[in-house]
Every structure is written in C-alpha cells, then in structure tokens.
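Take a moment to look over the whole fold before you read on. Then follow the text from one part to the next.

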Amino acid sequence: MSVIRAVVRGVGHYLPERVVPNSEFEKTLDTSDEWIRTRSGIERRHFAAEGETTSQMATHAARAALENAGLQPDDIDAIVLATSTPDLTFPSVATMVQAELGMTRGFGFDVQAVCAGFIFALTNANALIVSGQARRILVIGAETFSRIMDWTDRSTCVLFGDGAGALVLEARQGQGDSSDRGVLAADLNSDGRYRDMLYVDGGVSTTGQAGHLRMQGNALFRQAVGKLTETAEAALAKVGLSDADVDWLVPHQANIRIIQGTAKKMGLPMERVVLTIQDHGNTSAASIPLALSVAAGRGQIEKGQILVAEAIGGGLAWGAVVLRW
Ligand code: ACO
C-alpha cells in the first residue's frame, strides 16, 4: 500500500558561543564539578549571550538544516517550533523565524510540552505531512533556559543549557511498512497530576513575570526510566518493531543515569545511545534535535537506520518517535 511518509531531508543546530564549565558554579554555589558530573553526566553547557534570543538561535539552526537539505526558505511550507522559553508571550517564535528567514508564504506555530516538546512537535509535523497540509516542514527545538534559572538554587541551575536544533521533513512515498524511511510511529502521553514535580513559578495569568524553574529532581527521576522505556516500546510496537531492531536510541539529554537506566531496561548497549549531555546539559526541547544533528555530524547515525527518540518533562509530558533515518 502506498502511503506518504515524512522523511528527514536535512538537520542542523546552533549553540551559543559562551561555554560554561561546571567549575564556574563552584565560585558562587556550594557545589562541585565532581557532584555535577557524577549525578548528572554534565561537564559543560552553552549559555546565550546577553540579548541573544530563542528566535535568533532557532533561525541559525533552521538555516543550518536548510543548507544541509540543499533547500531555500521558500521551499518550506511550515515551521513547527517547540519551546517553553519564547522571546515574547506572543507572537510565536515560529513566526519570528519565518520572518527572519524571509519566508513569505506558509505558516508557523509553537508547541509547548517542555522537555518533551520536540517529540510533540515532530509528531504534529508528521501529521501535517501525512494529511497533505504541507510537503516540507522545518521542525525546530530552541530554548534559553538560562533565563528562567534561579541562580541561588544549586539543585536546578547547574543542570540546564541553551541551544537550538532543527530538522527538515519532506513528504515521500512509502510502502506503509517499517522498511520505509521517515517517521514510522509515535507515542504521546501527559498526566497533569504530576504538574508540581517540574514547573515555572510565574506566568502571564498569575504573576505577570516569567518566573523561575522549580523541580523535585528526585521524584521526577523515579518516574523517568519506567515512563521512557514504556513509551519507546509502545511506539516501536505500533510499527511491529522491538528493542532489538533499534540502531540508535536518541534520548532527551536530562541525566546520564536516566539515559543509562532506560537503555538498560530496553536491553541496548550504551554504544547504541547518542550522548551529548556532557557538552550541552539539559537544553529541554532543543536536546533531541541537537543530539540528532551532532550525531549526524559525527557520522554515527546513517541513512536507513532505525532511531528511537524519547523525552519526558514538565506536565508531566512524555513520548517517543520511531523513525528510519
Ligand atoms: N551540588 C551539590 N549538592 C547538590 C546539588 C549540587 N548542585 N544539588 C543538589 N544537591 C544535594 C541535595 O541538596 C541533596 O542533599 P541532602 O541529601 O543533604 O538533602 C543531595 O545533593 C542529593 O540530592 P538528590 O536530589 O537526591 O540528588 P539526585 O541523585 O536525585 O540527583 C538530579 C539530582 C540530578 C536533579 C536528579 O534527580 C535528576 O536528574 N532528576 C531528573 C531531572 C529530569 O529528568 N528532569 C526532566 C527534564 S527537565 C524539563 O522538563 C524542563
């Protein structure tokens, strides 16, 4: 049976120039490089420069993905952008990127599912392509979490970083089975009863301020491995695949111990897991497209391989996407 598949045609990323090693936090907080490395796997992260915005970083990543795809902005029908740290309350960052790219047609909108945002954005973009709404879509994850950190809270501010990553998805004909390239299946979940585990203590209709990130890290940690394994396996099952078929696990880069726990539960050796956490920290919705772009650049992931991307974050919201690269 002939079907439409959303196939990855290009990938790119952007990281701000300023790199902050763990040792920097030792100057102002009761913490250590050793604690941060062993508890989270993070060694350094990038922080946006003063005045550098989410839309600017997203635009850089979009340009890199377009160049990688060999396309121009007007070849794109839509921009679906995942972020929880927009430049302004509105308009959407996606429309800002559209203007910056000089795109004079099509449409753009933002998706907000915190660290799982890219999984939700990619699933939405896939649906737009499969339903014939768009032929080519830029799917972007971009964040400036440094702007919502409480710099006196050592349990959160050492964990996050800034950056952006982007994919160009393109409609292609497939056979309708798991031998097709492109997005093969997705599994999305949320449960608002867990909202207090990870949230920002401000917003438009409450404080009128952006607020700061608050997290019950330990409670979240206990939820993460089980939920990530379940959602990855549920997505694989939808297309008749299992853990053994996975060439690369591309996890949200929140904590090395969560990543190792999930890989172990899925029976995957760490050699088949894309890791960027050491260099990027947790960049929320940007972490998966950043990891994809870095892994493609390293020559790790190759055309035709089966990838499973998974993430969990505030909401809680979590999910996974299976795609053949
Ligand atoms: N330096 C030194 N000590 C610290 C630091 C620090 N930076 N931060 C916390 N500690 C202390 C705590 O105060 C605590 O001390 P106590 O025992 O005296 O009370 C001790 O270290 C242990 O704290 P825990 O929170 O139990 O440490 P844990 O091993 O759980 O690691 C961490 C903390 C890294 C936050 C981990 O729980 C984690 O990664 N959780 C999940 C994060 C995540 O997945 N987030 C989801 C995505 S994010 C998003 O959606 C935006």
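Start with one term: a residue is buried if its relative accessible area is under 20%, exposed if over 50%, and partly exposed in between, using a 1.4 Å probe and protein chains only. This is a predicted model, in which local features need pLDDT of at least 70 and side-chain atom pairs count only at pLDDT 80 or more, while totals for chains, interfaces and linings use all residues. Residues are numbered from 1 along each chain as its sequence is written, and side-chain values use heavy atoms, with hydrogens and water left out.

Now take the whole chain. The protein chain has 10 helices and 13 strands. Helices (H or I, at least four residues) and strands (E, at least two) are DSSP runs, numbered from the N terminus. Along the principal axes, the C-alpha atoms fill a box of roughly 60 × 45 × 40 Å.

How much of the protein chain is buried? Buried residues make up 58% of the 325 residues. The chain exposes about 13,400 Å², and carbon and sulfur atoms supply 48% of that area. Accessible areas come from the Shrake-Rupley method with a 1.4 Å probe; for residues, only the protein chains shown count as cover.

Next, look at contacts. Contact means heavy atoms within 4.5 Å. Take the contacts between residues at least 6 apart in sequence: 75% of them join residues at least 24 apart.

The protein chain is divided into domain 1 (3-174) and domain 2 (182-324). These bounds come from an automatic or database domain assignment. The centres of domain 1 and domain 2, taken over C-alpha atoms, are 14 Å apart. The contact takes 51 residues from domain 1 and 46 residues from domain 2.

Go to helix H4, residues 93-101. Which of its residues are buried? They are Val93, Ala94, Met96, Val97, Gln98 and Leu101. Their cover includes helix H3 (54-69) and strand E4 (78-82). Strand E5 (107-111) and strand E6 (136-144) are also part of that cover. Just after H4, Gly102 takes a positive phi of about 80°.

Most residues other than glycine have a negative phi, and most peptide bonds are trans. The peptide bond from Phe90 to Pro91 is cis, with omega near 5°. Pro91 lies in the loop between E4 and H4. Another cis peptide bond joins Gly315 and Leu316, with omega about -10°. Leu316 sits in the loop between strand E12 (306-313) and strand E13 (317-324).

Val114 is in the loop between E5 and H5. Its relative accessibility is 17%, so Val114 counts as buried. Ser284 also has a positive phi, near 50°. Ser284 is in the loop between helix H9 (277-280) and helix H10 (287-298). With a relative accessible area of 1%, Ser284 is buried.

Asn126 is in helix H5 (residues 117-130). Asn126 counts as buried because its relative accessibility is 16%. Asn126 and Ile4 are 122 residues apart along the chain, yet their C-alpha atoms are separated by 9.7 Å. Beyond its neighbours within four places in sequence, Asn126 is in contact with Ala6, Leu169 and Val183.

Val246 is in the loop between helix H7 (217-238) and strand E11 (248-251). At 1% relative accessibility, Val246 is buried. Not counting residues up to four places away in sequence, Val246 touches Leu236, Leu268, Arg272, Ile306 and Val308.

Finish in helix H10, where Val294 is found. Is Val294 buried or exposed? At 16% relative accessibility, Val294 counts as buried. Val294 and Leu275 are 19 residues apart in sequence, and their C-alpha atoms are 9.3 Å apart in space. Leaving aside neighbours within four places in sequence, Val294 is in contact with His13, Thr276 and His280.
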